Amino acid sequence: MSCSPTPERLIQLNERFRIFCEMAEDLSGLQDYPPRPTFSAKDNLCAMGFQARAGSRILEGYRPPFDATPVWRMRQEGMLLLGKTNMDEFGFGTFSTNSGYDVPRNPFDAGRACGGSSGGAAAATSLLEGHVALGVSTGGSISCPASFCGVLGLTPTYGRVSRYGLIDYGNSLDKVGLMTRDSGSLRTWLPVISGPDPKDPTSCVQPMLDLSPRKVERVAVPLEAMQNLGSGVESSFASALKSLQDDHDILVEEVSMPSLKFALSAYYVLATSEASTNLARYCGMRFGVRNSNISQHFNDFFSETRSANFGTEAKRRILLGTYARMVGFRDRYYMKALAVRQLVISEYKRVLNDHDLVLTPTMPFIAPRFADIEKMRPLEAYQADFLTVPPNLAGLPHLSLPCGYIEGMPVGMQAVAPHWEERALLDIAERWTSKFQMRFPEVAR
Amino acid sequence: MDIETVRKVARVARLRLTPSEELQFAQDLEEVLQYFSLLDEAPQVDTHDFNPVRVADVLRDDEPSRDVNAERLRESMDTYDDLVRGPRLS
């Protein structure tokens with residue numbers, strides 16, 4: 001299954017595609033016999049021996065003295081950690097262009113983005129055979145890059161995988177998941193990273209992971225998700241639905257989910273509210289960049305470090321989240337967003353009551369060129385997440401699968417399952433990939 | 001969002017913005033907040049929860065234990081003897 005690259009080859013690929021914020025210094029394990037399977041951790045997961053900077057300059061030099069639980073569990077299985085994959089600062093982005101440490105390039109076309117925020121993770125998976133990348137999703141950060149880089153991206157139910165050692169973005173939204181090239185690896189590694197961990201109470205209430213067969217027979221496609229799609233994406237997704245019916249004997253039904261239109265606003269309110277409190281801890285004392293000018297008043301001391309080291313998108317989201325929580329606006333934004341989340345959850349429950357999965361394209365377009373991303377307004381970039389945000393807001397497990405190619409670039413479809421029913425996602429992954437011809441970038445062969 | 005509000009929020013968030021940042025964020029956030037006003041149309045629901053799935057407090061046994069060596073944590077901080085150095089409070 002595993003075919004590890006030589007250290008020279010890995011270094012070469014990293015120079016070309018900027019996969020890692022930090023790569024393992026000692027790559028001699030790649031020459032072990034029998035070969036050890038490799039994995040990578042997104043830069044917001046703590047791993048001993050590496051800095052954990054979450055793509056942010058403010059965490060420069062922070063070396064955690066412990067492993068995040070999912071990292072530790074992978075290492076316990078004998079997996080070789082190749083490095084920390086590049087990402088948007090703290091997960092704030094859709095294209096991985098908001099990193100403080102260079103920008104990962106799409107393995108299918110280096111002039112295009114990998115997607116975000118787990119962009120480096122998707123690039124590593126696309127480029128390295130047998131590689132397993134640990135990604136993290138808050139609002140679509142696994143699905144989006146999986147779609148743009150043509151790999152499988154599994155985001156488990158909120159609380160399935162311990163968040164201990166994960167640098168928080170939005171505590172009620174963050175989920176650690178997997179990116180792989182094949183469905184068999186998902187089946188192998190999901191049980192390894194899943195399960196209760198006393199160090200993360202939210203992981204302790206989960207029902208046991210059940211991977212016994214659950215055959216997908218009937219899926220729902222919400223009409224509301226079929227708007228504003230690029231024409232290539234629309235036709236690729238339509239062919240995929242046809243193939244599901246013709247080749248896999250799955251009944252595809254259109255449904256209406258009117259509450260989906262509120263999900264994006266609710267998500268950005270909750271995510272930025274939580275992020276703005278989480279990021280209060282980065283103030284030049286405790287983590288990363290240290291401000292030595294202690295003769296200052298604490299307000300100036302904190303502001304100086306934060307202003308100089310947070311990137312533009314981080315500042316924008318801190319401002320947005322701080323505003324949404326302020327007295328006078330809290331009910332209109334934060335409390336309303338919490339209510340909308342329940343509405344969205346109820347709507348998924350209603351639809352998933354008589355369907356095994358909800359299917360949509362993953363992203364409304366293929367991986368964009370960097371020049372086009374530069375022209376996007378912040379709101380336009382947020383709106384690109386309109387298909388990945390709903391299941392993330394609702395904490396539902398979901399999977400992005402490659403379902404077609406346009407202009408040589410991958411298109412993804414996203415399947416959403418009921419809470420804790422990851423096995424339905426594995427079923428669709430296994431059946432789909434048994435017949436769909438996946439492509440990998442030329443350079444990876 | 002007007003510039004005055006941006007300044008006020010930035011102060012609360014301990015961010016010092018340049019005049020061009022103030023202008024840029026005022027425009028960006030105005031656009032985003034206008035989009036958020038869609039939330040006003042969402043139907044009211046009585047229940048709200050802070051998490052998407054039910055979570056419960058899980059406490060460990062009340063026995064002293066140490067996860068991480070405090071000495072190691074202090075290595076990355078500005079310390080004097082055994083104390084952490086910080087800025088003035090007043």
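In this predicted model, H7(A) and H9(A) cross at roughly 100°, and their axes come within 7 Å. Angles of 65 to 115 degrees count as roughly perpendicular, so H7(A) and H9(A) are roughly perpendicular to each other. On the H7(A) side, the contact is made by A:Val269, A:Thr272, A:Ser273, A:Ala275 and A:Ser276. H9(A) brings A:Arg317, A:Ile318, A:Leu320, A:Gly321, A:Thr322, A:Ala324 and A:Arg325 to the contact. By class, the residues of this helix contact are five nonpolar, five polar and two charged.

Next come the domains of chain A. Domain 1 covers 7–256 + 357–444, and domain 2 covers 260–341. Taken over C-alpha atoms, the centres of domain 1 and domain 2 of chain A are separated by 25 Å. Their contact takes 35 residues from domain 1 and 26 residues from domain 2. On the domain 1 side, H12 and helix H13 (389–393) of chain A each supply at least two residues. The largest share of that side, four residues, comes from H13(A).

Chain A also touches chain B. This contact takes 57 residues from chain A and 46 residues from chain B. Five helices of chain A give two or more residues to the side that touches chain B: H7 (260–278), H8 (298–309), H9 (312–325), H10 (331–353) and H12 (378–383). H10(A) provides the largest share of this side, with eleven residues.

The last topic is the nonpolar core. The largest nonpolar core has 154 residues. Within this core, A:Leu319, A:Leu357 and A:Ala415 have the most contacts. H10(A) gives the most to the core, with twelve residues. Where does this core lie in relation to domain 1 and domain 2 of chain A? Both domains give residues to the core, so it lies between them.

Leaving aside its neighbours within four places in sequence, A:Ala415 is in contact with A:Leu357, A:Leu359, A:His398, A:Leu399, A:Leu401, A:Leu425 and A:Ile428.

Terms used. Residues are numbered from 1 along each chain as its sequence is written. Chains are lettered from A and ligands numbered from 1 in the order in which they are written. This is a predicted model: local features need pLDDT of at least 70, side-chain atom pairs count only at pLDDT 80 or more; totals for chains, interfaces and linings use all residues. Two residues are in contact if their C-beta atoms, placed from the backbone, lie within 7 Å. A nonpolar core is a set of buried Ala, Val, Leu, Ile, Met, Phe, Trp, Tyr and Cys residues joined through C-beta atoms within 7 Å. A residue is buried if 20 or more other C-beta atoms lie within 10 Å of its own, exposed if 12 or fewer, and partly exposed in between; C-beta atoms are placed from the backbone. Domain bounds come from an automatic or database domain assignment. Axes are lines fitted to C-alpha atoms, for helices over the stretch in contact, and angles run from 0 to 180 degrees between N-to-C directions. Angles under 35 degrees count as roughly parallel, over 145 as roughly antiparallel, 65 to 115 as roughly perpendicular and the rest as oblique. Ala, Val, Leu, Ile, Met, Phe, Trp, Tyr, Cys and Pro count as nonpolar, Asp, Glu, Lys and Arg as charged, and the others, Gly among them, as polar.
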